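Please read the following note alongside the sequence and the model. The points are numbered so that each can be checked in turn.

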Amino acid sequence: MKQEELARILSGAASQHLGETAVIEGLRPLSGGASSEMWSFVALCGDTRHELILRLSPPGGKKDGYRLDRLTEAQVLRAAEQGGVPVPSIRFILNDDDEIGPGYAMQCVPGETIARKILRDDEYARARDIMARQCGTILAGIHAVDTGLLPPLKKQTTEAAVKELYTFLDIFGEKHPVFEFTLRWLQDHLPNQGELRLVHGDFRNGNFIVGPDGIQAVLDWELAHLGDPMEDLGWICVNSWRFGNIDLPVGGFGTREDLFSGYEEAGGVPVDPEAVHFWEVYGTLKWGIACIMQGFTHLLGMKRSVELAAIGRRTSETEIDLLRLLKERE
């Protein structure tokens, strides 16, 4: 859809949902990943400026049963906000009459999302000092969200999560002995299954909006599900999300001790470091398999992209990470 046409339709949708005539200004595309479109815009209603972000499913996009559709994602965001989690407020959800497909508009939150800048620029020096503990506090809030407020979500036991990785790896028929060994290790070291809680599913540096005083909002909830809360604590420690700061395991900016203490002090369940280690191994393998999938997305011509091809080459990095992680528990 051309930008002018999107602006015209968006004006009608915003006018309907905001309750007064809206003039659309400054509409521009943002990077939204492979599974969504993102647009920044201002809805001008009289003297009031609404600075908003539009999140849409891509044209022709198919539901894959793995990622949330836009309506469900918006409902999860609203439940999280109600539970005190810092997220962009949902301003309106698009319906079939809005002509531009499933999507929603959320409040624009000022800040930075590029991990390289957050980890290296002087402007975020104070934020880096407090973010690991802050991540613990936020995760405790996510895991405490009343599941009765949530839309129906995938329920994923730990055993089912490991079996799912077997399935994904088998799709491509590639031989990765390190991955095969890790799958067996995971199967042999399943932590005790506790109560299933809301899990973000992609809680990491790069999905935070960060200001000089720390995390302002948590983004990208499309992988949210009900599962083991330790999964989120392990995922943020995966080496790939440290962006080169490998000695700071929490997102490249902090320590596990700060993450765990922030989590427990905010009311989270007692942290089991062995379970978190399990989920860090799981997350590293999951990302390694995702690298294979993205590489094949390019190789099979589904989407020709230098970026996807480059990500495919990073599979070997996760193999090294897995060997290191497994050696720690010998």
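1. Two strands are said to pair if DSSP finds at least two bridges between them, and helices (H or I, at least four residues) and strands (E, at least two) are DSSP runs numbered from the N terminus. In E5, the bridge partner of arginine 55 is tyrosine 104, within an antiparallel pairing of E3 and E5 that spans 5 bridges.

2. On the basis of the note: this is a predicted model, in which local features need pLDDT of at least 70 and side-chain atom pairs count only at pLDDT 80 or more, while totals for chains, interfaces and linings use all residues. Residues are numbered from 1 along each chain as its sequence is written, and side-chain values use heavy atoms, with hydrogens and water left out.

3. The open sheet has 5 strands in the order E1-E2-E3-E5-E4, with antiparallel pairing. Its edges are strand E1 (23–30) and strand E4 (90–93), each of which pairs on one side only. Strand E2 (residues 37–45) and strand E3 (residues 48–56) are joined over 9 bridges, and valine 42 has glutamate 51 in E3 as its bridge partner. E4 and E5 run antiparallel and are joined by 3 bridges, with alanine 105 in E5 as the bridge partner of phenylalanine 92.

4. Of the residues of E5, 4 of 5 are buried, where buried means under 20% relative accessible area, exposed over 50%, and partly exposed in between (1.4 Å probe, protein chains only).

5. The structure holds 19 salt bridges, a salt bridge being a side-chain nitrogen of Lys or Arg within 4 Å of a carboxyl oxygen of Asp or Glu. In one of them, arginine 8 meets glutamate 5, with the closest N and O atoms 2.8 Å apart; because these two residues are 3 apart in helix H1, about one helical turn separates them. Arginine 8 is partly exposed at 48%, and glutamate 5 is partly exposed at 34%.

6. Lysine 154 forms a salt bridge with glutamate 164, the closest N and O atoms being 2.7 Å apart. This pair links distant parts of the chain, since lysine 154 sits in the loop between helix H4 (125–143) and helix H5 (158–172), whereas glutamate 164 belongs to helix H5, 10 residues apart. Lysine 154 counts as partly exposed at 32% relative accessibility, while glutamate 164 is buried at 17%.

7. Leucine 299 lies in helix H9 (residues 273–299) and counts as exposed, with 58% relative accessibility.
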